[in-house]
Amino acid sequence: MDLSIVVPLFNEEESIKELYNWIQRVVSPLNWSYEVIFVDDGSTDTSWQVIEGLRQESAHVKGIRFRRNYGKSAGLYCGFDAAQGDVVITMDADLQDSPEEIPELVRMVKEEGYDIVSGWKKKRYDPLGKTLPSKLFNRTVRMVSGIKLHDFNCGLKAYKLDVVKNIEVYGEMHRYIPLIAKQAGFSRIGEKVVQHQERKYGVSKFGIERTIKGFLDLLSVTFISKFGKRPMHLFGALGTLMFVVGFLSALWLGLSKLWYVYHNITARLVTDSPYFYIALASMIIGTQLFLAGFLAELVSRNGHERNNYQISERID
């Protein structure tokens, strides 16, 4: 199959059919074999009924329905798992991503050899309260990740099939798929300026907490990408360092006391020195960090069920 289009959605009943018709108008003349995978993230409106109706009209439509709302990352994960196309496109269902961009995104992946092409909504139709935090967020991620993208959070992206089959997206990590892919060895990451549409129906499903969660997730993905498979390297190293510093400090206090006693010089008790308690606390904290690294190592080797989502219905 040439193309898979993955569309995660939540309560977008008004826009689903219009989006699919738009996709058809763009893709059908290209004579590609393609599929459109709608992932209903526990919608409480009639979104699933709309998807079922589209399936009856077109064999290109596939659907996955969650029993409850898991979040966009879960939708992408299951969509990626079901995708079969050589190129996988992701886009939002709210009509703010334009299907007109699909042919060029596919060309950049197939002809220019990109592993990922990320959309950049250079001109946005969002309120200032959304665009300013987004700029700050993207600048921070660029600095931390070293990936020169302007819009990490753009839902319109294109991937080689090999990429989506070899990365794991969970929690709220969909914002950092380029970083996750880079850590997995896919370094050909490009960018394309894409058209941004004003929201036509409904309201945004994200609030100010999205920005806060985004920065927290950045810390998580940075840690996981560097130490997720080897947490002992971080906690063990810090724990050992703190224990050694505490032990050497305590040893110095003890030897100092013996030196004073040997020379018949009056000296206060070791336990009267604040440095004794600092040294003791350092050894205790160092031991705890070491044990935390050991336990994290055990957990990381046995965390096989974090992407276990309950799917109530599926259209293949």
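Q: How many bridges join E2 to E3, and do they run parallel or antiparallel?
A: This is a predicted model. In it, five bridges join E2 to E3, and the two strands run parallel. One of the pairs is Ile-37 with Lys-62 as its bridge partner in E3.

Q: Which hand does the unit of E2, H2 and E3 have?
A: E2, H2 and E3 form a right-handed β-α-β unit.

Q: And what about E1 and E2, how many bridges there?
A: Seven bridges, with E1 and E2 parallel. Pro-8, for example, has Val-39 of E2 as its bridge partner. With H1 between them in the unit's listing, E1 and E2 make a right-handed β-α-β unit.

Q: Is E2 mostly covered or mostly open?
A: Mostly covered: seven of its seven residues are buried. Tyr-34, Val-36, Phe-38 and Asp-40 point one way, while Glu-35, Ile-37 and Val-39 point the other way.

Q: Switching to H1. Which residues are buried there?
A: Ile-16, Leu-19, Tyr-20, Trp-22, Ile-23, Val-26 and Val-27. Viewed down the helix axis, the buried residues of H1 fall within an arc of 160°, so they line one face.

Q: What do they pack against?
A: Strands E1, E2 and E3, plus helices H2 and H4.

Q: Is Cys-78 buried or exposed?
A: Buried, because its relative accessibility is 9%, against a cut-off of under 20%. Cys-154 is buried too, with a relative accessible area of 3%.

Key
Residues are numbered from 1 along each chain as its sequence is written. This is a predicted model: local features need pLDDT of at least 70, side-chain atom pairs count only at pLDDT 80 or more; totals for chains, interfaces and linings use all residues. Side-chain values use heavy atoms; hydrogens and water are left out. Buried means under 20% relative accessible area, exposed over 50%, partly exposed in between (1.4 Å probe, protein chains only). Helices (H or I, at least four residues) and strands (E, at least two) are DSSP runs, numbered from the N terminus. The arc is that of the directions from the helix axis to the C-beta atoms. Contact means heavy atoms within 4.5 Å. Two strands pair if DSSP finds at least two bridges between them. A crossover is right-handed if, with the strands pointing away from the viewer, the path from the first strand over the helix to the second runs clockwise.
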